[in-house]
Amino acid sequence: MGYSFPNVIGSTQTAFNASQLPTVRADNSYRLLINGDSMSDMYNVVNSVTATFDRNSGILTVTDAAGNAGLATGAPVYFWHKAYASTLKQQRVIANRVSSTVFTCQLPINYDLPNGALTSTGLVRYPHRINDMSWIAWLQMLCGQPFTIVNNSAQSGDTVQQVINRWDNDVAPYDFDVLLMQMPGINDQLTINGSLSETTTTAAIYQLLDLCANTGAFCIIASITPVFTGEVRATAAIMQRVQRLNQKIKAYCQRKPRFLFLDHYRQIINPSSATGLATSGLLKAADNIHYNVPGARKVAAADQAAIQAAFPSTFDTRPLNQLDCFTNSAVSVTNATTTRISGVVTVTATAHGFRAGERVRIIGATGVSADINGFQTIATVPTANTFTFLSTTANPADFSASTGTITVGQSFNLYPNPVLTTANSGGTVAGPHTGTAAQYVGVTNISGSTNVAACSVVAHPSSPSIGNVQQLAITTGSNGDLTGIQNTAVTSLLNGTMAAGQKFFVEAEMFLSSTNWASTPISEINFTFAIVADGTTYEVRGSEFNESGVSAGITTSTTLYLKTPEMTIPPCLAVSQAYFTIAVRTAASWGPATETLTVQVGRIAVWQTA
């Protein structure tokens with residue numbers, strides 16, 4: 001069987017045999033590694049930071065004036081600083097949160113860093129934050145999250161040779177099926193990097209592509225893109241060099257059986273530019289080289305058909321019916337008749353329907369029997385009303401010592417109205433919005449107060465329909481306001497059984513449409529999961545970022561598969577709040593009020609994974 005890629009512009013390789021495509025893992029995923037320079041690195045948020053180093057202890061103190069967005073103690077971050085040999089290559093370190101702008105981490109004491117403040121600024125990449133100015137982030141959202149990211153090994157500022165130099169540390173140790181990168185080479189053109197000759201860059205490109213091929217992975221390679229007016233490399237000579245390099249990259253990919261070439265240059269170039277520069281409005285105004293939201297979405301949309309054809313398996317884990325949540329799948333335990341003898345716990349639960357080997361989640365045990373809560377694997381099923389599992393804890397207590405209701409279920413989704421079929425009961429709509437909300441849905445302006453929406457619960461737009469969606473018909477928009485939904489009961493709905501060390505991620509589906517996109521622009525999709533533990537807010541963000549003044553981040557009707565990174569609850573005594581945010585940020589130039597932006601959200605899951 002072959003797969004055609006009609007939208008891979010300029011590529012003569014239009015089909016792959018099934019044997020050339022990556023296989024699906026047992027855990028239902030394509031495992032993907034990101035590599036390259038900043039054009040790939042910015043799948044996650046990357047910020048400039050200042051830092052001080054203690055040579056006696058090896059403690060690096062990092063200050064991020066832009067904020068670390070709910071970074072948790074114990075979370076990994078990546079740090080590099082081009083001014084020092086020891087930090088030319090990114091360092092994967094574990095953060096110790098100090099505040100919303102400061103964290104510390106451990107580095108070797110023999111690094112060539114000064115004692116005290118480091119010169120100029122370094123860079124930090126946050127894996128808990130996915131950047132919606134990234135073409136890879138948009139590719140994931142548009143294509144149904146086909147890839148499990150095993151590592152973001154790209155690094156901002158790198159030349160091609162510097163990417164090669166990091167290979168043994170940042171690529172070789174990982175197990176992956178797919179390698180993806182926008183080809184480095186644009187940083188070879190900088191004077192600070194030696195203004196490398198085209199011959200030198202070409203040789204390095206071939207070496208890097210050979211390394212990619214030798215992994216045995218399926219390789220997705222995107223072309224180098226042009227810069228815009230105001231960037232130091234915005235010269236005709238450099239842009240012509242970029243064109244020649246792209247021709248060599250494309251020719252290499254066409255000769256390889258497991259390479260897919262994506263022509264991003266074609267999507268970004270301004271055909272009328274005599275200097276060979278990018279089209280206005282597709283790159284960040286702050287630097288004139290990196291994609292903004294419109295640019296990232298444009299190249300991802302152009303890539304979508306090719307990626308979906310090359311990776312036909314879908315791994316959609318979002319809910320399909322109301323049973324897909326713990327509340328609706330759980331059965332009650334009869335506390336008094338539950339026993340634990342010699343490490344075997346026998347549970348009485350009338351007509352439970354479970355079978356040996358199945359994984360269940362138990363909640364509600366209190367006091368000395370609380371250690372039985374959590375994930376358990378059923379060992380045996382003696383009767384229709386009992387099952388057993390093994391307990392290795394030293395605590396001899398069983399459920400009979402617990403007060404309250406203990407429940408057991410096979411769904412690990414904590415959100416109790418997953419496809420929103422329970423409508424207009426318990427939901428909230430905060431002014432100035434009007435209308436109705438589904439149960440456990442709160443419609444609100446997360447920031448700002450100008451946006452106005454008419455809210456309703458309507459049938460899911462697919463056929464056959466998957467329950468309902470929460471609809472927001474926004475008719476008044478103000479630049480920078482963030483409008484959307486959160487779960488209600490933030491102090492009780494999701495956090496009641498949360499504890500340190502547990503892991504969670506959130507998924508949802510979003511549909512966007514407009515009567516006139518030019519009159520209803522949005523600049524950001526914001527998808528966040530947050531908890532408050534011991535008074536501190538921690539977050540993971542599946543989509544975030546907005547650039548001031550961007551007025552056309554989305555310009556066409558769009559269906560998005562939203563997914564956050566996994567959150568691990570840091571050491572804490574108690575989790576007092578838990579909530580998701582699914583919202584859009586309206587941009588400049590809204591109006592007139594006769595035009596409507598329609599936002600629909602459904603199929604919501606808050607998955608506990610450990």
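1. An open sheet of 4 strands runs in the order β16-β23-β19-β20, and its pairing is antiparallel. Strands here are DSSP E runs of at least two residues, helices are H or I runs of at least four, and both are numbered from the N terminus. Two strands pair if DSSP finds at least two bridges between them. The edges are β16 (331-332) and β20 (374-377), each pairing on one side only. β16 and β23 (residues 407-409) run antiparallel and are joined by 2 bridges. S332 has T407 as its bridge partner in β23.

2. A word on the basis. This is a predicted model, in which local features need pLDDT of at least 70 and side-chain atom pairs count only at pLDDT 80 or more, while totals for chains, interfaces and linings use all residues. Residues are numbered from 1 along each chain as its sequence is written, and side-chain values use heavy atoms, with hydrogens and water left out.

3. Which order do the strands of the 5-strand open sheet take? The order is β12-β3-β13-β14-β15, with parallel pairing. β12 (147-152) and β15 (259-262) each have a single partner strand, so one side of each lacks a neighbour in the sheet. Neighbouring strands are turned by 25° against each other on average, direction ignored. Axes are lines fitted to C-alpha atoms, for helices over the stretch in contact, and angles run from 0 to 180 degrees between N-to-C directions.

4. Look inside that sheet. β13 (residues 178-182) and β14 (residues 218-222) pair in the parallel sense over 5 bridges. L179 stands opposite C219 in β14. Helix α2 (residues 135-143) lies across β3 (30-34), β12, β13, β14 and β15. The helix runs at about 130° to β13.

5. Helix α8 (residues 293-310) has 18 residues and reaches 25 Å from first C-alpha to last, close to the expected 26 Å. The expected span is 1.5 Å times one less than the number of residues. α8 has a kink of about 45° centred on Q304. The bend is the angle between axes fitted to the seven residues ending at a residue and the seven starting there.

6. How many of the 18 residues of α8 are buried? The count is 13, and the helix is mostly covered. Buried means under 20% relative accessible area, exposed over 50%, and partly exposed in between (1.4 Å probe, protein chains only). At the N-terminal end, N292 caps α8, with a side-chain oxygen 2.9 Å from the backbone nitrogen of G295.

7. E539 sits in strand β32 (residues 536-544). Is E539 buried or exposed? E539 counts as buried because its relative accessibility is 16%. Not counting residues up to four places away in sequence, E539 touches A69, G70, H128, T528, F529, A530 and M567. Contact means heavy atoms within 4.5 Å.

8. Two loops hold cis peptide bonds. One joins G431 and P432, with omega about 10°; P432 lies in the loop between β24 (428-429) and β25 (434-435). The other runs from S463 to P464, with omega near 0°; P464 is in the loop between β27 (452-459) and β28 (468-476).

9. Most residues other than glycine have a negative phi. S342 has a positive phi near 50°. S342 is in the loop between β17 (339-341) and β18 (344-348), and counts as exposed at 77% relative accessibility. Y440 also has a positive phi, about 70°. Y440 lies in the loop between β25 and β26 (441-447), and counts as partly exposed at 24% relative accessibility.

Note on methods:
A polar contact is a pair of N or O atoms within 3.5 Å; within protein, one must be able to donate a hydrogen and the other to accept it, and residues adjacent in sequence count only if both atoms are side-chain atoms.
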